[in-house]
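Me: Could you show me how to read the features of a protein model one by one, starting with the way its strands are joined? I would like the general idea first and then the case at hand.

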Amino acid sequence: MKRFPMKKLVITSLTAVMVLGGGTSAFAKDSKDWKESRQNENDHDNGNGWHGQKGRVDFKDIQGRDMEWALRYIASLASRNIFDGYSDGTFRPYEKVTRIEAITAAVRLMGLRDQAESAAEMQTKLNFKDANQVPSWAVGYVSVALKNDLFSESETMVQPNQPSDRLWATTLLVKALKLGSEAKTKMNVKLPFSDAGKIPAGSVGYVAVAVEQGLVNGFEDNTFRPMQPVTRAEIAALLDRAGDQLSDSSSGLVVGTVATPVANNVLTLNKGGQMVTLTLDPGTFIYRGGAKVGASALQVGDVVRTRSYNNVVIFVEVTSYVGTWPNQPTQPTLPSGVNTGTLTSVVNNNTFTVTNGSQTVSLPLNADALFFRNGTQVNSSALQIGDIVSTRAYNNAVIYVEVTQPAGSTGTQPTYSRQVTGTVVSTGSNVLTLVNGGQLESLALNNGALIYRSGSKVSSSSLQAGDIVTTYAYNNMVAIAEVTRTAVQPSTTNGTITGTVAVPSYGNALIVTSGSQNISLNLDSNAFIFRAGGQSGPGALQPGDVITVRYYNNSVIYAEVTQLAGGSTSQPAVSETTGTLLTTLGNNTLTILNGGQTSTLTLYTNVFILRNGVKVNASDLQIGDIINIRSYNNAVIFVEVTQNGSNSNQSFTVVGTFSSKTLNSQGQLYTISINQTNMNGTTQTIVYSVAPSVTIYGDASRLVANQQVVLQGTGQTVTKIYIQ
């Protein structure tokens, strides 16, 4: 019988993933449930997360249990201004790191941030073939990296937006440590990894040096996985360990022994026999015993490392303790690896014993454990001594036992097992529907199927559209379903999300990968979806499409594909503008005022218009409405009224040439028409209402055709006329 290995939910962290240094086991238990991520390109291209929250070390999205292992590294790097957070107060630890981001971090690690951000470096004309793809904020970093040999002589492209893989990041780090010459002497060493053959010969020396320096290590299965992408949390841990080996690593660092209890945010240290008084920022990140603590947890005699920003301590790490070392943070034990062996005794007291080679182990059974033998589900009593079994565990108890070869049998056994990984589309009637490799697949659930989500056993109804799961089936019935990444709902009831379509859209669900999360959205029955220059239905969306979604009352009302899956560059031009509605000139045009200029816009035939949270017709728009507009190829496809005209008291100023006027029955100026030049260069005649109390500056007799005039007013009514 063919055995199927159980994929661990313990997708190890940096010792096993990005290689923190130290043994593989050092972090294996502290860094579980890694989630894959997609990066928000716009944030990074603008430099957010790289110079957006300088000096901040306490980020709101690294507080959960799954991030405890990375807290110290992220805060330490942030305190040294090597990593910044985002403007929304997040760090986004699961996002994959692009090459330009890794280069930026390496340059900062070398203490060259000020040089890289100097006007001289930022104005450098780069000679790389893809220099135009380097964000403006990062030009100086590429220039400094080039001067410090972080690029090889043969490299002709920066490839700024390409994800950093483990091999590339390792090589970059060795170069940043100025160990390139040493690496070249080790190109012919034999690396210990089972997949060493996947490492190019010209990179072997860099990996060898990184291993010798304790910077990198392999996975638990003795692989290096050179092409695996790196996340922000992982590279933070790697860089922090490497940073202590740089010459300027002591910049802003004070090491000493706590001399007195902290009072009034003042920390007093004994540094080499001298008393040093340091001011703590109210939000100082203090790390003691593997956890973030308050200042009151520091004890006299603790040895600490502190880092300051603007002469205020923002990071404290206790390196030696007074008293008992606190308990290290723990989290639920996720599914462990496969235990295989020969059953040596009958199941007794929820324990069964197996022998593998010379080792015999007794394994505890979960009360709901499932047993399978000869293609059917059985009770534990049906197991026989001599059966060769494969087991899987969750929370330190075996939940699944499969007899891969019954006692006394010989030869190849039938294959009953199957493993499927995909994204949840729906659940119901004991059927789990997934998208697997772009294909829709419905899987029957065993009546006793064990489903785990966020470290706990749940019912199938607790699975959400967008959850990524790995399922293990026996004889075409799912026995175990493990959520490896949970989907979330939008944090607000109304808003806009930009991301990538995760799976084809089925039913009323739309799953968008944004940042480090799969976000599950409901599609309104009237949702307007625009793709490849035309209106389409949800079924036209393809995984990999970059999409902007506008949702209202938790339902998608508008979705626009801004880049087709595969990176097509033939998308129609997209524009966005905001203005005040001046007039509707017909069923398919409207005129807005924006920045003192008017613009006439053509409406797409099926334009989606949202006013007061309801889809309306163009005729329902009112003069004075303040609107947001999105257009494809100069045709408006989406209009959202952000402030009703009835509430608009906004002032305006417009410039043009006089065209005509009308008077009321009292002979007062009633309307004035002027010729205005639109944003696209065309000229249009616009009629404005005039207030009875209008003030005219200049000679009124000069109010003749083509005379330059300036109109000012409020709420679309002219109150001042300047004749120039």
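**Reading the strands, helices and turns**

Reply: Strand 15 and strand 16 (residues 456-458) run antiparallel and are joined by 3 bridges; strands (E, at least two residues) and helices (H or I, at least four) are DSSP runs numbered from the N terminus, and two strands pair if DSSP finds at least two bridges between them. Within this pair, I451 has V458 in strand 16 as its bridge partner. This is a predicted model, in which local features need pLDDT of at least 70 and side-chain atom pairs count only at pLDDT 80 or more, whereas totals for chains, interfaces and linings use all residues. Residues are numbered from 1 along each chain as its sequence is written, and side-chain values use heavy atoms, with hydrogens and water left out.

Me: In which sense does strand 15 pair with strand 18, and over how many bridges?

Reply: In a regular strand the side chains alternate between the two faces of the sheet. Strand 15 and strand 18 (residues 477-485) pair in the parallel sense, over 4 bridges, and Y452 has E482 in strand 18 as its bridge partner. Strand 14 (residues 431-436), by contrast, pairs with strand 15 (residues 439-453) in the antiparallel sense over 6 bridges, with L432 standing opposite L443. The hairpin of strand 14 and strand 15 has 2 residues between the strands, and G437 there takes a positive phi near 60°.

Me: Which strands make up the closed barrel?

Reply: The closed barrel has 5 strands with mixed pairing, in the order 32-33-34-36-35, and the twist from one strand to the next averages 55°. One of its pairings joins strand 32 (residues 651-663) to strand 33 (residues 669-677) in the antiparallel sense over 6 bridges, where K661 stands opposite I672.

Me: At what angle do helix 8 and helix 10 pack?

Reply: Angles run from 0 to 180 degrees between N-to-C directions, the axes being lines fitted to C-alpha atoms, for helices over the stretch in contact. Helix 8 (residues 166-176) and helix 10 (residues 204-212) pack at about 70°, with axes 9 Å apart. The two helices are therefore roughly perpendicular, a label for 65 to 115 degrees, with under 35 counted as roughly parallel, over 145 as roughly antiparallel and the rest as oblique. In contact (heavy atoms within 4.5 Å) are L167, T170, T171, V174 and K175 of helix 8 with Y206, V207, V209 and A210 of helix 10.

Me: Which residue makes a polar contact with the side chain of E640?

Reply: A polar contact is a pair of N or O atoms within 3.5 Å; within protein, one must be able to donate a hydrogen and the other to accept it, and residues adjacent in sequence count only if both atoms are side-chain atoms. The side chain of E640 makes such a contact with the side chain of R550, at 2.5 Å. E640 lies in strand 31 (residues 635-643) and is buried, with a relative accessible area of 10%.

Me: Where is Q159 found, and what is its phi?

Reply: Most residues other than glycine have a negative phi, and most peptide bonds are trans. Q159 has a positive phi near 50°; Q159 sits in the loop between helix 7 and helix 8 and is partly exposed, at 30% relative accessible area. N374, also not a glycine, has a positive phi of about 55°; N374 is found in the loop between strand 9 (359-373) and strand 10 (376-378) and counts as partly exposed, at 43% relative accessibility. Helix 7 is followed by D149, whose phi is positive, near 65°, and helix 8 by K178, with a positive phi near 60°.

Terms used
Buried < 20%, exposed > 50% of the residue type's maximum accessible area, 1.4 Å probe, protein only.
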